[in-house]
Amino acid sequence: MARGAGARPFRMGRRRPRAAPAGNGHTLPMPRFPGAVASRLPNVGTVMSRLAAETGAINLSQGFPEFSAPPLLYDLVAKHMRAGRNQYPPMAGTVELREAIARKAEALYGTRYDPEHEITVTAGATQAIFTAVTALVRPGDEVILFEPAYDSYAPSVALAGATAVRARLAFPGYRPDWDEVRRLVGPRTRLIVTNTPHNPSGTVWTGEDLARLAALVEGTGIVVLADEVYEHMVFDGRRHESCARHPGLAARSIVVSSFGKTYHVTGWKVGYVLAPRELMLEFRRVHQFVVFTVNTPVQLALAEYMADASLHLGLAAFYERKRDLFRAGLAGTRLRALPCEGTYFQLASYAGLTGERDDALAERLTRESGVASIPVSAFYEDPPHDPVLRFCFAKNDDTLARACERLAKARW
Ligand SMILES: Cc1ncc(COP(=O)(O)O)c(C=O)c1O
């Protein structure tokens with residue numbers, strides 16, 4: 001029997017022994033796992049935010065807003081908590097929120113998704129992506145991704161035992177090459193992951209891009225996993241081309257959105273998926289065992305909050321102004337801002353300024369200039385190391401101004 005107070009039986013009528021801390025008052029360092037761990041994702045690294053925190057740099061690396069949502073949203077969460085809405089909601093999400101999402105999707109994209117069978121609330125977009133891949137992809141399948149790519153796609157594919165096949169979005173335009181994609185599609189292709197507006201490049205696909213995609217998958221069983229978390233951040237009068245809007249693609253797409261991005265609450269980790277019922281059935285079969293469901297009071301608050309469409313419709317103008325401010329600041333530096341059509345990310349080229357690799361430069365600028373960015377090579381399996389860094393401009397105006405002042409003094 002193990003030694004220590006907890007292991008000794010307590011007998012009635014005898015003096016109760018004084019409770020001793022576990023381990024007889026001694027604390028021990030956590031022992032190491034005695035076996036060998038063969039990682040299933042051995043190439044996953046760390047993020048720049050940690051370096052930014054260590055060095056006190058202005059953090060324009062990770063994509064999260066520096067500002068809060070209007071207090072109304074927080075008040076609504078508290079209201080539902082106090083009203084006792086704190087137990088498990090239905091697996092697919094609260095009825096209120098699924099109905100609100102259905103109304104929004106119909107108003108924006110003209111497609112009526114059935115809240116009962118075609119909408120599921122998720123713990124953010126990342127869980128939605130993982131769940132969709134796990135539900136639909138089998139070992140030996142191929143999944144086409146567009147690189148540079150958001151970092152969760154490839155690990156989800158790898159954990160499903162499938163192969164990620166990469167189509168290039170080439171620097172500096174980052175437009176899809178549909179002839180290349182056509183060459184990559186084969187009998188094993190199960191899924192194509194799209195992302196518009198695109199992280200990290202800030203490009204926005206056009207109606208023509210969706211038409212090319214639709215033509216390419218027509219007559220196949222290929223599913224489109226459409227990551228549209230930046231759907232409301234599209235600038236200069238452009239329209240977000242959602243797969244939910246396109247009849248041919250809506251029939252085979254799992255469309256992913258994120259409340260975190262839309263309402264400045266990335267830490268809440270709540271999103272949703274839209275899909276035809278045949279695909280949603282499979283999605284929910286996995287969702288049930290990944291998270292089962294998502295917290296109730298936040299869902300109820302979001303359902304009420306999103307009834308005011310101006311809150312999501314106003315986001316494009318809000319971020320367009322920040323984009324313009326940041327680009328004006330960058331114009332005073334030696335970096336060259338690439339076009340930014342959507343998202344809250346701005347790419348900046350340093351071609352001709354230094355021969356340093358992007359990862360080395362991002363680290364040097366964090367340490368020397370006090371501004372953290374992300375090297376775009378972080379979004380590739382086999383990076384080309386193009387001379388380009390990504391900056392997040394979802395920050396307060398003075399933070400952006402200070403960052404640009406610092407970058408203007410950077411040593412080249
Ligand atoms: C393209 C893309 N997809 C998905 C996500 C994840 O969204 P969520 O925080 O809702 O999981 C992000 C977050 O940065 C993203 O940039």
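In which loop is P172 found? I find P172 in the loop between β4 (163-168) and α6 (178-184). For my labels, helices (H or I, at least four residues) and strands (E, at least two) are DSSP runs, numbered from the N terminus.

Before going on, a note on the source. This is a predicted model, where local features need pLDDT of at least 70 and side-chain atom pairs count only at pLDDT 80 or more, while totals for chains, interfaces and linings use all residues. Residues are numbered from 1 along each chain as its sequence is written, and side-chain values use heavy atoms, with hydrogens and water left out.

**Entry: cis bonds**

I looked up P172 for its peptide bond: F171 to P172 is cis, with omega near 0°. I noted another cis bond between T196 and P197, with omega about -10°. P197 sits in the loop between β5 (189-195) and α7 (207-217).

**Entry: positive phi**

I flagged these because most residues other than glycine have a negative phi, and most peptide bonds are trans. H264, not a glycine, has a positive phi of about 60°. I place H264 in the loop between α9 (259-262) and β8 (271-274). Is H264 buried or exposed? H264 counts as buried because its relative accessibility is 15%; buried means under 20% relative accessible area, exposed over 50%, partly exposed in between (1.4 Å probe, protein chains only).

T343 isn't a glycine either, and its phi is positive at about 70°. T343 belongs to the loop between β9 (336-337) and β10 (345-349). With a relative accessible area of 0%, T343 is buried.

**Entry: α2 against α11**

Helix α2 (residues 71-82) packs on helix α11 (residues 296-305) at an angle of about 130°, with the axes 8 Å apart. Axes are lines fitted to C-alpha atoms, for helices over the stretch in contact, and angles run from 0 to 180 degrees between N-to-C directions. I therefore wrote down α2 and α11 as oblique to each other; under 35 degrees counts as roughly parallel, over 145 as roughly antiparallel, 65 to 115 as roughly perpendicular and the rest as oblique.

Which residues make the contact? From α2 I listed L72, L73, L76, V77, K79, H80 and M81, and from α11 P297, V298, L300, A301, L302, E304 and Y305. Contact here means heavy atoms within 4.5 Å. I sorted the contact residues into eleven nonpolar, one polar and two charged. In that sorting, Ala, Val, Leu, Ile, Met, Phe, Trp, Tyr, Cys and Pro are nonpolar, Asp, Glu, Lys and Arg charged, and the others, Gly among them, polar.

**Entry: α14**

I checked helix α14 (residues 358-369) and found D358, L361, A362, R364, L365, T366 and S369 buried. Their cover includes α1 (48-55), β11 (371-372), β12 (374-375), β13 (388-392) and α15 (397-408). Just after α14, G370 has a positive phi of about 75°.

**Entry: the sheet**

I traced seven strands in an open sheet of mixed pairing, in the order β2-β8-β7-β6-β5-β3-β4. β2 (119-122) and β4 are at the edges with a single partner strand each, so one side of each has no neighbour in the sheet. The twist averages 20° from one strand to the next. Strand β3 (residues 142-147) pairs with β4 in the parallel sense over six bridges; two strands pair if DSSP finds at least two bridges between them. I saw I144 opposite V165 in β4.
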